[in-house]
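Here's a quick briefing to read with the sequence and the 3D view side by side. Take a look at both, then work through the topics below.

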Amino acid sequence: MRAVLMGPPSAGKGTQAARLGTELKVPHISTGDMFRAAIAAGTELGRQARGFMEAGKLVPDEVTMGIVRERLAHEDAQSGFVLDGFPRTVPQAEGLSKILASQGVKLDAVVLIDVPEDELIRRATGRRICQECGRVYHVEWNPPPGDACECGGALVQRKDDSPETVTERLATYRAQTEPLRDYYSVEGSLAVVDGMGDPDEVHRRIVRVLGRCS
Ligand code: AP5
Ligand code: MG
């Protein structure tokens, strides 16, 4: 299965993509996670991405395409993947389609997780992430067992989850990523899934849609 999970900031892409990747036994590939890892490691890529991320803007397409091209060439991505947060612009979608065409394959499904804006802000500002294992919690809807993660790791808030940056990320989404809705609708591969309700319920909806695409 080669699937893309798209949707606005904090729609639940990471939560759902991690679960799908495990169930389908394919890698969960998140460009946001790759950029955050590069920032934490202090690499040149991290240096390039940091300012854009902290301002709620997109990292330039050529930088993003470079890391995705490299990641999709790995052995573990040859039989499938779940992409999370990529593509985010029409040029990225065109770039992805070229990479896949060069491998003689194509996407099976593009799933857009649809969540109203007021809920997105609640999800972003309540998110806490384990610094050790990367597990994602929500202070209200998916609370950690105590002050720390189940694994004992410290919980942190993402820098771009402040209300101001979330507002900027939403504006960026509307301007640069929403056009992909039309792009993939025309291609016939888009399925819109209601992202409200608990994560298990959303997962069941996505699995139903993917079942129709495979
Ligand atoms: P990225 O990391 O992709 O961030 P995002 O798209 O803004 O999305 P989030 O990770 O905030 O949310 P999510 O949809 O994964 O939700 P989650 O499952 O965590 O990108 C960050 C930045 O990197 C971008 O702004 C940009 O600068 C750069 N970047 C990344 N990709 C790029 C690209 N392709 N091109 C250019 N730049 C790029 O859930 C959120 C919260 O809600 C959690 O607390 C979770 O527990 C909770 N939750 C999840 N599901 C539910 C539910 N059903 N009910 C209640 N709560 C829920
Ligand atoms: Mg995410």
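In which helix is T167 found? T167 sits in helix α7, where helices (H or I, at least four residues) and strands (E, at least two) are DSSP runs, numbered from the N terminus. Keep in mind that this is a predicted model, in which local features need pLDDT of at least 70 and side-chain atom pairs count only at pLDDT 80 or more, while totals for chains, interfaces and linings use all residues. Residues are numbered from 1 along each chain as its sequence is written, chains are lettered from A and ligands numbered from 1 in the order in which they are written, and side-chain values use heavy atoms, with hydrogens and water left out.

- T167 is partly exposed, with a relative accessible area of 46% (buried means under 20% relative accessible area, exposed over 50%, partly exposed in between, using a 1.4 Å probe and protein chains only).
- A polar atom of the T167 side chain lies 2.8 Å from the backbone oxygen of P163 (a polar contact is a pair of N or O atoms within 3.5 Å; within protein, one must be able to donate a hydrogen and the other to accept it, and residues adjacent in sequence count only if both atoms are side-chain atoms).
- T167 and V59 are 108 residues apart in sequence, and their C-alpha atoms are 17 Å apart in space.
- T177 also has its place in helix α7, which covers residues 163–177, but T177 is buried, with a relative accessible area of 3%.
- The side chain of T177 reaches the backbone oxygen of R88 at 2.8 Å.
- Not counting residues up to four places away in sequence, T177 touches M6, R88 and T172 (contact means heavy atoms within 4.5 Å).

**Strand β4 and its partners**

- Strand β4 (residues 109–114) is mostly covered, as five of its six residues are buried.
- Strand β1 (residues 2–6) runs parallel to β4, and four bridges join them (two strands pair if DSSP finds at least two bridges between them).

**A three-stranded sheet**

- Another piece to look for is an open sheet of three strands, in the order β6-β5-β7, with antiparallel pairing.
- β6 (136–138) and β7 (155–156) stand at the edges with a single partner strand each, so one side of each has no neighbour in the sheet.
- Two bridges join β5 (residues 127–130) to β7, and I129 has V156 in β7 as its bridge partner.
- Helix α6 (residues 117–125) lies across β5 and β6, at about 35° to β5 (axes are lines fitted to C-alpha atoms, for helices over the stretch in contact, and angles run from 0 to 180 degrees between N-to-C directions).

**Cysteines without a bond**

- The structure holds zero disulfides (a disulfide is a pair of cysteine sulfur atoms within 2.5 Å).
- C149 is in no disulfide, and the nearest cysteine sulfur, that of C130, is 3.7 Å away.
- The sulfur of C151 is 3.6 Å from its closest cysteine sulfur, in C130, which is too far for a bond.
- C149 is buried at 5% relative accessible area, whereas C151 is partly exposed at 45%.

**Around ligand 1**

- Ligand 1 is surrounded by 34 residues, and the closest are T15, K57, R88, R127 and R169 (a residue is near a molecule or strand if one of its heavy atoms lies within 4 Å of it).
- An oxygen atom of ligand 1 lies 3.0 Å from a backbone N or O atom of G12.
- A nitrogen atom of ligand 1 is 3.0 Å from a polar backbone atom of V59.
- A nitrogen atom of ligand 1 is 3.4 Å from an N or O atom in the side chain of R123.

- Most residues other than glycine have a negative phi, and most peptide bonds are trans.
- S10 has a positive phi of about 70° although it is not a glycine, and S10 is buried at 10% relative accessibility.
- K25 has a positive phi near 60°, and K25 is exposed, with a relative accessible area of 73%.
- A cis peptide bond joins F86 and P87, with omega about -5°, and P87 is in the loop between β3 (81–84) and α5 (90–102).
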